[in-house]
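This report is for a reader meeting the structure for the first time. Please look at the sequence and the model below before reading on.

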Amino acid sequence: MNRAKILTWIPILLVQLVTAGSVQAAADAEAGKVLFDANCASCHGISGQGDGPIAAALTPGPRDFTVGDFQFDADEDGVPGGDADLILVIQNGAMKYGGSPFMAPVPTLTDPQLNDIVAHIRTMKGDEDEDLTAEEEATPITEAP
Ligand code: HEC
């Protein structure tokens, strides 16, 4: 290959490198929801409000992800609630960071799965209105749609 040909290939290779990297890094909140519903919703609730079927038995209760306030600075960078903090708490359990043993370690999740779950948790913030209150649910439908 002559020099000119090599030079035309370089930008193409660079673009491929950059896009391959971003595809790998992009977390999939939809996939995270499937994992969350299966592994976490029993305590944290489907909508993440900390109101799953087991939640009432727990003190402290499971974190309400619609508030988006996190407690543990697991990676000790001075800021709790970063992606790395959440991932460490999920992998190692909250007890390791001074929290509840009921937030048990889940060491079986892969790195991409952890990123997907965290992406899903991030979508829950401010979503509390999606859940109907008991009153709204009890309101009968009076008009045909
Ligand atoms: C058996 C109940 C239970 C299950 C199942 C559970 N959690 Fe938790 N989780 C808790 C409790 C309780 C807390 C609050 C811990 C505390 O404040 O000490 C918590 C806290 C958290 C926190 C907050 C950490 C912080 O810094 O505030 C995150 C993130 C979290 N859970 C993620 C998950 C994920 C993801 C799953 C599923 C893979 C999961 N939890 C499964 C009970 C549970």
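The text covers the fold, then a helix pair, the nonpolar core and the surroundings of the ligand.

This is a predicted model, in which local features need pLDDT of at least 70 and side-chain atom pairs count only at pLDDT 80 or more, while totals for chains, interfaces and linings use all residues. Residues are numbered from 1 along each chain as its sequence is written.

The chain has 6 helices and 0 strands; helices (H or I, at least four residues) and strands (E, at least two) are DSSP runs, numbered from the N terminus. In order from the N terminus, the elements read α-α-α-α-α-α. Of the 145 residues in the chain, 21% are buried. A residue counts as buried if 20 or more other C-beta atoms, placed from the backbone, lie within 10 Å of its own. Among contacts in the chain with a separation of 6 or more, 44% join residues 24 or more positions apart; two residues are in contact if their C-beta atoms, placed from the backbone, lie within 7 Å.

Helix 4 and helix 5 have axes that come within 10 Å and cross at roughly 115°. Axes are lines fitted to C-alpha atoms, for helices over the stretch in contact, and angles run from 0 to 180 degrees between N-to-C directions. In the contact of these helices, Asp83, Leu86, Ile87, Ile90 and Gln91 of helix 4 meet Leu114, Ile117, Val118 and Ile121 of helix 5.

The largest nonpolar core holds 17 residues, and Leu86, Val89, Ile90, Ile117, Val118 and Ile121 touch the most other members. Such a core is a set of buried Ala, Val, Leu, Ile, Met, Phe, Trp, Tyr and Cys residues joined through C-beta atoms within 7 Å. Helix 4 and helix 5 (111-124) each give this core at least two residues, and helix 5 supplies the largest share, 5 residues. Leaving aside residues up to four places away in sequence, Leu86 touches Phe70, Val118 and Ile121.

Around the ligand there are 26 residues, of which Cys40, Cys43, Gly99, Ser100 and Met103 come nearest; a residue is near a molecule if its C-beta atom, placed from the backbone, lies within 6 Å of it. Helix 3 (41-44) and helix 4 (83-92) each supply at least two residues of this shell, and helix 4 gives the largest share, 4 residues.

Terms used. Buried ≥ 20, exposed ≤ 12 C-beta atoms within 10 Å, placed from the backbone.
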